[in-house]
Amino acid sequence: MIPYARQSITAADVAAVLQVLQSDFLTQGPAVPAFERALGAYCDAPHATAMNSATSALHLACLALGLGPRGRLWTSPNTFVASANCGRYCGAAVDFVDIDRATGNLDPQRLEDKLKRSRKRPDVVVPVHFAGRPCDMAAIAGLARRYGFRVIEDASHALGATSAGARVGNGRHSDITVFSFHPVKIITTGEGGMALTRDARLHEMLQRLRTHGITRDPRRFRGRPHGSWYYEQVALGYNFRMTDIQAALGMAQLARLDTFVEKRRALARRYHERLAPLPLERPPPDDASAWHLYVVHARGGRARRAAIYRRLRDAGIGANVHYIPVHLQPYYRALGFRAGQFPSAEAHYGSALTLPLYADLTEAQQDEVVAALERAL
Ligand SMILES: *Cc1c(COP(=O)(O)O)cnc(C)c1O
């Protein structure tokens with residue numbers, strides 16, 4: 001089976017992990033801050049906090065921004081459930097803003113329309129860079145200033161992407177940016193995530209919440225230290241730490257990030273050419289995208305898409321579908337959401353088909369995908 005996504009692991013990755021296994025620290029050692037500095041530098045962000053997943057990073061990003069039970073979070077319905085769940089972890093109400101059908105991204109125009117007609121405005125908005133293509137962050141940041149909300153970029157798909165020449169993650173148009181290192185994403189640490197920010201205060205909160213709400217910084221103590229073993233728990237935090245084993249893998253992967261993204265872009269360009277004669281809607285070309293996903297749209301409705309999906313699977317092609325709109329999940333329906341509320345995301349879901357795309361996908365395998373798709377159509 002050619003999967004829709006998979007990691008790329010070399011001998012250098014294995015060696016980096018082994019080195020940590022044979023060192024003094026499996027966790028809370030030097031590999032985690034080294035990975036944080038390197039990823040922050042890559043993205044041009046001064047502060048980075050590594051965590052055990054992007055889900056944890058989104059959760060703590062919400063807490064650091066003060067989201068609580070009386071708060072409201074808006075995100076895109078065309079995403080993985082974690083982009084919305086982070087608001088629910090904080091007890092906040094979650095709502096959605098429909099997407100731009102052409103890109104699959106949260107539509108800033110619809111965001112503005114919804115802000116204008118809503119009495120209950122959001123405290124936090126979470127745009128998602130769907131498939132690796134950056135949202136219009138300048139527009140969203142403009143609305144954030146005008147309507148007074150904070151912004152968390154869910155950049156789980158977009159490590160290595162650029163927007164107006166600047167790397168996603170630089171944080172000039174948001175408060176916090178989150179990346180995922182799950183094996184299907186651009187680089188992997190097995191499980192893992194990172195929260196980047198330009199704000200030193202937010203960074204300090206993220207670091208503290210990641211490890212039980214504990215500080216060892218004497219400047220932060222409320223009481224008088226009893227000795228050099230002293231620490232204080234100043235907030236209710238979690239154990240969301242990344243291990244040094246994971247960070248070492250992340251560091252080794254980071255060395256190949258540009259190559260990974262270049263390969264993804266080249267494969268995306270190649271799909272665009274090869275699929276031109278087929279009765280499909282292709283994603284708009286974009287050499288600034290990180291191309292986490294290559295999503296085409298089949299014509300002929302849901303039954304037809306399901307048939308094409310089945311035929312691809314039977315031919316050994318691990319197609320997938322991104323995304324089931326979050327508001328249609330039973331958990332969110334139980335909160336009052338229903339079909340028809342976000343028609344563009346629902347239409348997107350109705351015809352979407354994700355084709356295999358990852359750094360190690362060979363051109364021969366890609367040709368196999370195209371041939372199978374041609375037969376399936
Ligand atoms: C993968 C993903 C997440 C969650 O990432 P984890 O590291 O698995 O927790 C969140 N949001 C989006 C858009 C994702 O694709």
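This is a predicted model: local features need pLDDT of at least 70, side-chain atom pairs count only at pLDDT 80 or more; totals for chains, interfaces and linings use all residues.
## The ligand and its shell

Around the ligand there are 15 residues, and those that come nearest are Thr-55, Asp-154, His-157, Ser-180 and Lys-185. Sorted by class, this shell consists of five nonpolar, eight polar and two charged residues.

A polar atom in the side chain of Asp-154 lies 2.7 Å from a nitrogen atom of the ligand, while a polar side-chain atom of Ser-180 lies 2.8 Å from one of the ligand's oxygen atoms. The backbone also takes part, with an N or O atom of Ala-54 placed 2.9 Å from an oxygen atom of the ligand. On its own the ligand has 380 Å² of accessible area, and the protein covers 92% of that area.

## The pocket that holds the ligand

Where does the ligand sit? It is found in the second largest pocket, and the elements that each contribute two or more residues to the shell around the ligand are helix 3 (54–64) and helix 4 (82–89).

The second largest pocket has a volume of about 340 Å³. Its lining is made by 23 residues, of which Phe-80, Ser-156, Ser-180, His-182 and Lys-185 are the closest to its centre. Helix 3 and helix 4 are again the elements that give two or more residues, this time to the lining of the second largest pocket, and helix 3 provides the largest share of that lining, namely three residues. When the lining residues of this pocket are divided by class, nine are nonpolar, 11 are polar and three are charged.

## The largest pocket

The largest pocket holds about 580 Å³ of space. It is lined by 25 residues, and nearest to its centre lie Gln-207, Arg-208, Arg-210, Thr-211 and Ile-214. At least two residues of this lining are supplied by each of helix 2 (31–43), strand 1 (47–51), helix 7 (200–210) and strand 10 (214–215). By class, the lining of the largest pocket contains seven nonpolar, nine polar and nine charged residues.

Taken by class, the lining of the largest cavity has five nonpolar, four polar and three charged residues.

## Two details of the backbone

Which two residues does a cis peptide bond join? The bond links His-322 and Tyr-323, and its omega angle is about -5 degrees. Tyr-323 is located in the loop between helix 10 (301–314) and helix 11 (330–333).

The other detail concerns Asp-44, whose phi angle is near 65 degrees, a positive value in a residue that is not glycine. Asp-44 is found in the loop between helix 2 and strand 1, and these two elements are among those that supply at least two residues each to the lining of the largest pocket.

Methods: Residues are numbered from 1 along each chain as its sequence is written. Side-chain values use heavy atoms; hydrogens and water are left out. A residue is near a molecule or strand if one of its heavy atoms lies within 4 Å of it. A polar contact is a pair of N or O atoms within 3.5 Å; within protein, one must be able to donate a hydrogen and the other to accept it, and residues adjacent in sequence count only if both atoms are side-chain atoms. Accessible areas come from the Shrake-Rupley method with a 1.4 Å probe; for residues, only the protein chains shown count as cover. On a 1 Å grid over the protein atoms alone, a cavity is a set of points where a 1.4 Å probe fits but cannot get out, and a pocket is an open set with protein on both sides within 12 Å along at least five of seven lines; lining residues have an atom within 4 Å of a point. A molecule sits in a cavity or pocket if more than half of its atoms lie within 2 Å of its grid points. Helices (H or I, at least four residues) and strands (E, at least two) are DSSP runs, numbered from the N terminus. Ala, Val, Leu, Ile, Met, Phe, Trp, Tyr, Cys and Pro count as nonpolar, Asp, Glu, Lys and Arg as charged, and the others, Gly among them, as polar. Grid points are joined across faces, edges and corners, and a volume is the space filled by probe spheres set on the points.
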